[in-house]
Structures are given as structure tokens and as C-alpha cells.
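Please keep the sequence and the 3D view at hand while reading.

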Number of protein chains: 2
Amino acid sequence: MEDLKEQYDSLCKEKNVIDLTRGKPSPEQLNLSEELDGILDGNFIQDGVDIRNYGEIKGLPSARKLGAELLDYSEEFILASSNSSLTLMGNLLSAFLFNGSGDAPWNELESISIICPVPGYDRHFAICEKLGIKMIKVPLIGDGPDMNIVEDLVKNDESIKGIWCNPKHSNPTGEIYSQDTVKRIANLPLIGASDFIVLWDNAYSVHDFTNSKKLSSIQEISQELNTFDNIATFGSTSKITFAGGGIAFLGASDKLMSLFLDYFSKFNFSPDKVNQARHVKFLKNRKGIEAHMKKLAALIKPKFELVDKYLNSLPEGLASWTKPTGGYFVSFDSKPGQASKIFDLCKTAGLNLTPIGSAFPYRRDQENSNIRIAPTYVSIEELEKAMQIFVCCVKLADEMEKNLVS
Amino acid sequence: MEDLKEQYDSLCKEKNVIDLTRGKPSPEQLNLSEELDGILDGNFIQDGVDIRNYGEIKGLPSARKLGAELLDYSEEFILASSNSSLTLMGNLLSAFLFNGSGDAPWNELESISIICPVPGYDRHFAICEKLGIKMIKVPLIGDGPDMNIVEDLVKNDESIKGIWCNPKHSNPTGEIYSQDTVKRIANLPLIGASDFIVLWDNAYSVHDFTNSKKLSSIQEISQELNTFDNIATFGSTSKITFAGGGIAFLGASDKLMSLFLDYFSKFNFSPDKVNQARHVKFLKNRKGIEAHMKKLAALIKPKFELVDKYLNSLPEGLASWTKPTGGYFVSFDSKPGQASKIFDLCKTAGLNLTPIGSAFPYRRDQENSNIRIAPTYVSIEELEKAMQIFVCCVKLADEMEKNLVS
């Protein structure tokens, strides 16, 4: 305890300021896309369209094709938009509120719930909370949500209208949904509400930094089950090119797309087609995307290895954590009750982590054990220091608790 | 009649296909901004920020300053966003629905109405209709809405929560609100609902093609009246640079901005700051904007003169129309009851006009007389042909009606 305290105090004295709060690309990652600006070289006609003018609410055909290759979808079912898939998710849920996903607008129903696998992506939960949609937690079990629980819920409660999924390199657990899980998810509309919607946020579809399990095609599976109208797929280039200046995609059947557009087109004339054309010229196709992702992986992989190395130095039984093969996060679980103490100790030592509870609906982690580590943004040197602080704080929090108890 | 019919038939035989439906910039206008792409020359740091990454939900400080100069606002009250002010309008109204503009969220109130000066901008009306907001028509009278009617309505009906305004070169009438009208509009929150909101869509703030009356500063006037919290100002570069690839602005007091951001930030991480930086470098400041607008005016003015010349060839008493000094439209009024006939005749002759009723809530022009002419997109040659067709159809529709009556 004394040694630990001394080590902690000396780390505090270093006056570090390190931010691991969000999954942001590093400047080195962004540099790999800098030719985007100016790449059009004065050519503003793409797919026969003047990309500078209004129009093409579904996006340029070539950009839609790029999105289809990114998301393993047919291009006829892809809409290409401006810079944020989050905005598309919000608009789709708003469309359901005002138009309904089947019969009545959700606004006219007494109660609407969505299943939220946890730990999950805080932004999904924030959208639901803002729109007044109830959230029901279901645990993730390593290859997706616990489908026995999900199926029970969906069978018995018609107010449950959907499920959030982040099926590959899930934020923050990094897990990849198994084929069986994908099938059971695509089957949910057949056992629950007929207008049940699967919110398939495939944000990390090509973001592998080492060999990864393949994600089954939700389009293929749902088309076989005849539930394709109930699947909304999302993705973007935000973690491929420029985080704030990329392009986003929605995958939806004709029926779902027209429901979406009936709402979305009231608030949007057209996406930024100039930026879409830049991305088409820069990434080209699936092969181009994969080659680019390899360069990014070379920058990202050492950071995840470093995090794992430090966490492995913890005494056995003190914690568990994920070992993702892609994506942007490591999900760390302390002993129950210790996460907020670790967070506070880190903060005092100059290391900012995502607030405890962020990965849960209503920001409540009842176990008080989950911490999301986002290692990509900082440099290797900063990350090394961050992990020294983190590991020290994990051990110190445990020692402090033992001393209180004894 | 016979001569007219012959002329019409011969125009039909030419198989023209001309589109005057929307206020789109012409390719020549867009060419004036083509140096935007590549203008950053590899420099992705602006205002000390990596413009490629996430963050800065309110936009780059330099882009906010540009927006302030465009909209005659203080930069501290400006948010700079991505490519559409329409999206900002939709998000602000959605924020009121879910958060309220004062006390209760609009969603929880029995009825919400907004005053819509007519003829007006179809997209304003489409947003209201989609969000379930009732629309109350008030006529425009040459220097803004009839404020006697507006004030009567607002005094007597607390369900009226706002008014749409397009105060300079109004779409489609081209009128500029007088100082007295601006003052009376800024005063509405003091005589109506305390959370009354003025939706000030200043879309054509610098879009003069000839000497124009100055629009009074709504910021200044509302700050004097202590109603600045009730004013939401919108604008964009859509009709300055690239229509589909510009940047948009919201002007709002601290209180209104935080209400907006509480909603908006759930669906957006950050605007496309790369494109914001491009615009800052390209337009620079108010002087730069004005110099650019002069070049655009040189392209636009001859088109409006041509429209006016053709309309002047109509026999007296057949129609009236506006003579704007800026903006994108001429608002044409036929004799009552003839607009849809003119529309149909034009369509058959290959000239597409904005659907009749578009400039009115619920697409209903009870007079059946208003037609919006949007001359900017087409070439001078096409416009000349379009006006030949239009003038012929206006005369023919009247002759046909006379023959039916006699």
C-alpha cells in the first residue's frame, strides 16, 4: 500500500494531462487521408451530376456503391449522406416517432422501448433518452447480446419496437456477433412486434487491426427470413478518413427507405456531394478501403498491444478486460464497486477517462465496474504514461477498499 | 385566340424541356467558387484545431465570425454548421417539441401553431406539417406580413408559438421587411406567448443584384426590447458558394443556443470543419463576401430583367408580379382561378414550374393565382424560351376561360 501510494503521488506530481475519453483517430491516422482535399482537381461532374448543386437526396450513385462495399450491402438499398451516421440514426428514429415504423406513429403510442445490449455505445442511449424512448438493458455475452433474454422480452412485450446492435468490434466490448446471433436478431420481427426495427450500427465493418471473425450478412439473412424491411444498417467513413469530414450511409429496404426519406427529405435538400465525390476518388472500392485500413491498423495495433501489456501486469483476480481484434475500445471491468474510485484517482493524476456509467442507459452502471479505454487518439508515449497511471489506480483503489474493510 | 393557339402549338412542337421549379444557382454561378476544393493546400489546422477530427459542435471560431458578418450578428451568438440551414431549422423546432421553448415541451401541449406569411417558402411549411405544427396564414403586404393581423392573432391565442420570416428578398415575393415591421415582429413575444419564437430565415442577406433597401438588425432591435432570447436567425452559403456543399449558420442568444444544443448535440458530433475552413479561406470576411456577391449579381440580374421584360408584354390587367432587387424568385399572380391552367399549359409545352399552391401551407392557394418563377438555374437562352412559353400560356389560359364563360 505504501509503495503504491508513493508511486501514485509521484505520478500526480508529473502533472500529466491525458485524454482517453473518446474514440478519436490520431493525427497520424488523419494524415493518411490528407490528399482528400483537392483530389477532385477542378472536376465537379460525377455520375453525370453537378456535385456542387442541390439534389440527389439519396447521394451520388458512386458514393452509394462505395457504401454498399463498405457495409456488405446491395447498392440499391444504400443512401449516402453527409458526415455523420449518428444523424441518420436520429432521423430514422424521429421518422418512426412522426410516421411510425408500421402502423401508428410512435408518438401516439403509450410507450416505446428499445433493447440496449450493455455495455454499449453512449450515443445510442443519448438519442433514445432525448426522444423519450425507454431503454431495456440486456447483457452482451461475448458473441452478441444474450439472445435468450432478448427473445423472451420481445415475445412478451409489444411496446418493444427495436434493438440497438453494434455487431462488429462492438463499442466498447469489441465482440463480433456470431452467425447464430445474427440469425436470431434478424428473426426478432417474426416473434415480436411486426414493426420491430433492428438498428444495425455497423460502424467498424472494416476496422480490423488483426485477423477477425467474419460478420454474417444481415441483408442476406433477413432477406431469407423475409424481415429485410425491419433492418436499418448504418456506417460511415468517420474512422476511415476524416472523423469530422467523412460521409455516412444508411442501408434500408425500399419500404423502410421511403419511410425514412418521407421524414428526412423535409429537413435536407441534398448531402454534400462534393465530399462524396472526394471519397469515391480517394477510396475507390472495397480493395481501396481495405488497403487504407491496413495502413490505419499499423498505427492502431501497437496501441492496443500496449494497453493489453499493462493490464496483464495487474494481479490476478483484480479485473477482466476485452482483447478486441478491431474497433476503437477496450472494455475494462474492475471488481464491482471500484470503477468510480479508479476514475477519480485517474482524474486526480491527470488521466481523463470516459465517465463511469457512460456505456449504460441513463448512465447507470449498477455494478460500478465498467471502464471504457479509448487508446487511439494519444501518442504511444502518452498512452504508456496513461496506462502506468491506470494500472496504478486500479491497484490502489483495491488496496484502499481492503483497508476500509479490514 | 386562333393566333394564340397556333403559337402555343408551335411552341409545343419544339419539344422544349425547361425546369424553373427551384431556386438553384446556375453552373456559371458555381464556377465562381470552384477554387474552394484544394484551397487549404494541406493545412488542416485552423483556429488551433485539427479540422479533420471530431469536436467543435458550435463550429470553428473563424467560421462563426464569417457567419456573423454574413448575418449582421455578434459572433458569440453564432453557431456554424454543415451544409444546410434547413436542417438547423428542423432541429430547432424538434428541440422545442422535445424540450419546449420555455416551459413545457411542445409535444405535451394540446396544440401548437406557427404564423406563416404567404406566399412563402414551401420548405418552411413542409417542416411544420411533418412535425404536426399547425400553420396560420397571414398575407405579406409588400414590406413584410400584415402586422395588424399578426398582432391580433398573437394577442388572442397562446397556442401560437412562433412566426416564419424570410425578411430580405422574401421567397417568393422578394420583399424586404420595413424597420417598423422588424420592430413589431421583435415585439411579439411581449404581447403573446412568452416563449414565442421568431424564425428569422435570413437566407438572402447579401443576395442583392441591384440597390436594395437595408434590412434592420433584428439582433439590435430585440436586444433593446429584451426579446433576444426569442429570436432564431438562420443563414447559409448555399446560394453564395456551392448549393449542396456550403456551410450553414444559426444565430441565437446563450439561452436559446443551449436549448438548441441540448437537442442537436445528441445527433451530431461536429460539423464538417474542413469545409468551414475552406469557406473562411475563400470568402475571408464581409468585404470578401460582398465582392463575390457582385460577381454573382452580374450573372443573375440579366435573368430577372428578361423575366420582367416578357411579363411587361402581357396585356394590362391580366396579371401582377414582383420586381425584386435580390433573391431568387419572381412571384407572379394571374387572375384568380387561372394558375393551375397556366401550369398545365406550360407543362404540356415542356416548361416545368413549381407546383401551384407550393408557396402556401398545406399546398393550398385558395385564389389559385400564385406562380413562383425561379429564373437563376437555366441559361439566358433557355430562360428566353421559357418566358415565351409562359407569356403565351398566361394569355391562352385567359382566352380559354373567356370562351368557356361566353
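Of the 406 residues in chain A, 56% are buried. The model described here is predicted.

**Chain A as a whole**

- Chain A contains 14 helices and 14 strands.
- The radius of gyration of chain A is 22 Å, close to the 22 Å given by the globule rule for 406 residues, so chain A is as compact as a globular protein of that length.
- The C-alpha trace of chain A spans about 70 × 55 × 35 Å along its principal axes.
- Among the contacts in chain A with a separation of 6 or more, 77% are between residues 24 or more positions apart.

**How the two chains meet**

- The contact between the chains involves 43 residues of chain B and 43 residues of chain A.
- On the side of chain B that touches chain A, two or more residues come from each of the elements α2 (27-31), α4 (85-99), α5 (122-131) and α11 (273-283) of chain B.
- The element that gives the most to this side of chain B is α4(B), with five residues.

**Symmetry**

- Two copies of a chain are related by a rotation about an axis and a shift along it.

**A three-stranded sheet in chain B**

- Strands of a sheet pair through backbone hydrogen bonds, either parallel or antiparallel.
- In chain B, three strands in the order β11-β12-β14 form an open sheet, and their pairing is antiparallel.
- Strands β11 (319-321) and β14 (370-373) of chain B are the edge strands, each pairing on one side only.
- From one strand to the next, the twist averages 20 degrees.
- Strand β11(B) is joined by three bridges to the antiparallel strand β12 (residues 330-334) of chain B.
- Ser320(B) has Asp333(B), in β12(B), as its bridge partner.
- Helix α13 (residues 339-348) of chain B lies across β12 and β14 of chain B, and runs at about 40 degrees to β14(B).

**Strands β12 and β14 in chain A**

- Four bridges pair strand β12 (residues 330-334) of chain A with β14(A) in the antiparallel sense.
- Opposite Val330(A) stands Ile373(A), in β14(A).
- From strand β14 (residues 370-373) of chain A, Asn370(A) and Arg372(A) point one way, while Ile371(A) and Ile373(A) point the other way; all are buried.

**One residue in detail: Leu256(B)**

- Leu256(B) belongs to helix α10 (residues 254-264) of chain B.
- Leu256(B) counts as buried because it has 21 C-beta neighbours inside 10 Å, where the cut-off is 20 or more.
- Leaving aside residues up to four places away in sequence, Leu256(B) touches Asp229(B) and Ala232(B).
- Leu256(B) and His124(B) are 132 residues apart along the chain, and their C-alpha atoms are separated by 20 Å.

Terms used. Residues are numbered from 1 along each chain as its sequence is written. Chains are lettered from A and ligands numbered from 1 in the order in which they are written. This is a predicted model: local features need pLDDT of at least 70, side-chain atom pairs count only at pLDDT 80 or more; totals for chains, interfaces and linings use all residues. Two residues are in contact if their C-beta atoms, placed from the backbone, lie within 7 Å. Two strands pair if DSSP finds at least two bridges between them. Axes are lines fitted to C-alpha atoms, for helices over the stretch in contact, and angles run from 0 to 180 degrees between N-to-C directions. A residue is buried if 20 or more other C-beta atoms lie within 10 Å of its own, exposed if 12 or fewer, and partly exposed in between; C-beta atoms are placed from the backbone. The radius of gyration is taken over C-alpha atoms; the globule rule is 2.2 Å times the number of residues to the power 0.38.
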